[in-house]
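Subject: Structure handover

Dear colleague,

Here is the structure for your files. My notes on it come after the entry.

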Amino acid sequence: MLANRFSQSVLAGFIFAFAAATAQAEPVVNQPAPVFSGATADGTTLNLADLKGKTVILEWTNHECPFVKKHYESGNIQSLQKQAAEQGIVWLQVISSAPGKQGHVDGETAKKLNSDRGATPSHTVFDPEGTIGKLYAATNTPQFFIINPEGVLLYKGGIDSIPSADKADIAKAENYISAALKELAAGKSITKSSTKPYGCTVKYAS
Amino acid sequence: MSVNRVISAGMIFLLLGCFQAQASSFEAATGQVKAQLVASVDAVRPGDEILVGVQQRIIPHWHTYWKNPGDSGLATRIDYELPAGATAGEIQWPTPERITTGPVTNYGYSNQVTLLSTLKVPDNIAAGGVFPVKAKVKWLVCEEECIPQEVDLALELPVVLPGADVGRGSPLIETARAGLPVASPWPVSLAHRDNALVLKIKGLGQQSASIGNIWFFPDDWGRVAHGADQPRHIEGDTVELQLKPGDAPLPPGAKLAGVLVVTEGSGSGSVARGYVVDVADSDTAPKAESELVLASAMLLALLGGVILNLMPCVFPVLSIKALALIKHARHEPRQTRLHGLAYTLGILASFLLLGVILIALKAGGAEIGWGFQFQSPLFVLAVAYLMFTVGLSLSGVFSIGSSVAGVGSKLAGRSGYSGSFFTGVLATVVATPCTAPFMGAAVGFALSQPPVVLLAVFLSLGLGLALPYLLLSNWPSLQRRLPKPGVWMDRLKQGMAFPMYAAAVWLVWVLAQQSGINSIVVALGGMVAIAFAAWLYEITKYSAKTAQRTGLGFSALLLSAALFGGYFGVQTPASAVAATNAETANTYWQPYTPARLKELRDQGKPVFINFTAAWCISCLVNEKVALSQDAVIDAFKHGGITYLKGDWTNRDPEITRILAEFGRSGVPLYLYYPAGNSARPVILPQILTPEIVTQAVAPPDLAVKQ
């Protein structure tokens, strides 16, 4: 009986140790952000570690997703990209759509899409195997992560506070990214550092 | 000609108008979803509260979302546009499913779902007109891709006079109601363990064999990691689900709200049902606070124990001890102290035993409260006999030994310290019926606590009961304040007999409630036998040896007659009583036997059969939420329907056969045989609401009317 108790607690201990380990694997705000490297639309390889010393924004995207369209067709994301660029922040678009799935594009198409939309990210990173997406537990498009110059995650979450595909809601919503950029510019910490993302499911291969 | 033309043009116009209203109205379809607006009625009366629902029929592999859509997605939104004065309630969300796509987990619906809302019809709406219901419905439907869609639906319900028939509305409403989560039949609690939340579902463990899946769906986004496994662990009768906190963890002190979805069985025969969970984290209260709670519960128990001394059932027993004390205290202070300790030990041992029994029963999963022992008619009878016997002894009908200390009862009458010990036991036994009303709070608290706390509270209660006598026997200064011994002691003792008789009367009344009128005869007859035995014992006590032996023998014989008579007299009527009460009391069902069914069918009587089992969760929930509801009982009564219950808790080949006949391999199975010898049985769904049952058993003329 006592032995049984003991073995149960040991088992429970292992389970929690395991749960804790997996919890650590996900990006946690105020913890170091996972490092990655990936091919860009320009045909180069981008290494996150090389961007140390700069603030980095990751934007998961899928140009065919209605929620992404909402924020590009309204010019919402473009203005955030400009705001970030003015603050010297590196903006990375990440596309985790697997080949054959919605939003999967080649380098040329990616560049054309951005120029057509007037979008100005620093780079577009391709993640067809979903490695980076799963490293960051990205579930939605659009979804954002902000990493400080020391490589620590400062923000993860959605673009704004009203989950809908309706452009009319943008003006009414609280824009989390815009607020975070302003706080960064003022040298403050981000008030809402973990928010609920909304949008389409990231189109992983599996 | 022109008149005709005008009329026909007008007709065409009217018809067109109607068609247009119909066409744009209750149905709309997109490439993935067909939506329709339905109501629980065909017409409304002013002031009515009705249910409306938006049904989504979704093409295969696509899904729409629950109120918390999970990792991605968007909950369906319905904006009702209603006439002034009418209001619409929140969406009542049916039990969701887990939809997993790679690393992303969503909560939503596939195939079809009906989202219900309550509508309040204004009081001032005019009969003869219509009550228009417009709904703007926005949803996101996803397979691989996601498409936000929006439709406008409208429904016009005629307004009829108060009291008029409103029809049955759409059957989709009832189906949807059956899919709503219900209150959890098991107590659910929440604890924190390291990095995880642990949801404890007490009582579900007993049915673990029949459970396929258990998933907790949080109402709010990110409370738990949506896609994480929820490891299940069974601890006694409790199922523990480990929940990994998500991106919006539960703030300290907040409640965890959501739906617990339990799937019974597997494959095509499985039944999933949702249970509403809304629990506070029991560990968030700081430790000091719970210690304070424990301390105050113990103090309360101690005070309660002291008060117990004044109870009519305890006071006489205690007074006997006190009288003995008065007699002996002056010359034997040391012995008096030891008697006090023995008495205290007797009480504490009894309370400890009670506590241990309670813990054992609790561990066995029994739903018990304080005074559980009084649920047994035999125990009640035994205590009634005991009270009566003590009363007789106090009245002086008989006495055991010669010392005043010995008159407690047979057990308590033993002289020496064991006598004092058993007086303590006796005091506990007679005190228990008085405990419930006074100690409810503390004992209730103790019952919900871990064993150690439970025992602590129980022992405090016992200590409180023992305290006055313990103090008295240990403090000579207190003893000096006691009155001098004298004749008054005998008078007091005799007077004390009457509360004992009164307690016995009360217990006989309790017994009558439990086992019916016949048990009174048994109990009173037993008391006559006891009185006779006591008298025989007393008159032969000081006679010659043979007479003494005969007297003792007869007394013993009578005593055992009373006890055995009680045992069999109270045991057997119990079932007989249940049978006679079948029509009147709360047993509105009869046990199923094939013979009984055949007999009823041959008479052409309508029959409702419920095949159930104690280990079948959905059976028990259905009985609770539907079959034992007044509406259903009334419907059975009005329809002259006999309700038969087939218990499959233990395998029963007869029931197995009839289950197989209806293509089932397990319970629940609900059958309704309408009136008439040749009527074919109707199979009801495995998840019931009162309305599903009442509609199924409604007389055919009513059913045809709509």
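Predicted model: local features only at pLDDT ≥ 70, side-chain atom pairs only at ≥ 80, totals over all residues.

Residues are numbered from 1 along each chain as its sequence is written, and chains are lettered from A and ligands numbered from 1 in the order in which they are written.

Chain contact

Cores

The largest nonpolar core has 113 residues. A nonpolar core here is a set of buried Ala, Val, Leu, Ile, Met, Phe, Trp, Tyr and Cys residues joined through C-beta atoms within 7 Å. A residue is buried if 20 or more other C-beta atoms lie within 10 Å of its own, exposed if 12 or fewer, and partly exposed in between, with C-beta atoms placed from the backbone. Among the residues with the most contacts inside this largest core are Ile57(A), Phe145(A) and Leu199(B). Strand E10 (residues 130-142) of chain B gives the most to this core, 8 residues. Leaving aside neighbours within four places in sequence, Leu199(B) is in contact with Val188(B), Leu190(B), Phe216(B), Leu241(B) and Leu243(B). A second, separate core has 60 residues, including Val380(B) and Ala504(B).

Strands of chain B

Strand E3 (residues 49-58) of chain B is mostly covered, with 8 of its 10 residues buried. E3(B) runs antiparallel to strand E2 (residues 33-39) of chain B, joined by 7 bridges, and Val38(B) stands opposite Gly53(B) there. E3(B) also runs antiparallel to strand E9 (residues 112-120) of chain B, with 9 bridges; in this case Val52(B) stands opposite Ser117(B).

Elsewhere in chain B, 4 strands form an open sheet of mixed pairing, in the order E12-E19-E18-E15. Two strands pair if DSSP finds at least two bridges between them. Strand E12 (182-183) and strand E15 (211-218) of chain B are the edge strands, each pairing on one side only. E12(B) and strand E19 (residues 271-280) of chain B run parallel and are joined by 2 bridges, with Val182(B) partnered by Tyr275(B).

Helix H2 of chain A

Helix H2 (residues 66-73) of chain A has 6 of its 8 residues buried, so it is largely enclosed by the rest of the structure. Phe67(A), Val68(A) and Lys70(A) are among the buried ones. The buried residues of H2(A) pack against several elements, including helix H3 (76-86) of chain A and strand E11 (146-158) of chain B. Just after H2(A), Gly75(A) takes a positive phi of about 80°.

Backbone details

A cis peptide bond joins Thr141(A) and Pro142(A), with omega about -5°. Two residues other than glycine have positive phi: Asn30(A), near 75°, and Asn111(B), near 65°. Asn30(A) is exposed, with 11 other C-beta atoms within 10 Å, and Asn111(B) counts as exposed with 12 C-beta neighbours inside 10 Å.

Regards

How values were computed: Contact = placed C-beta atoms within 7 Å.
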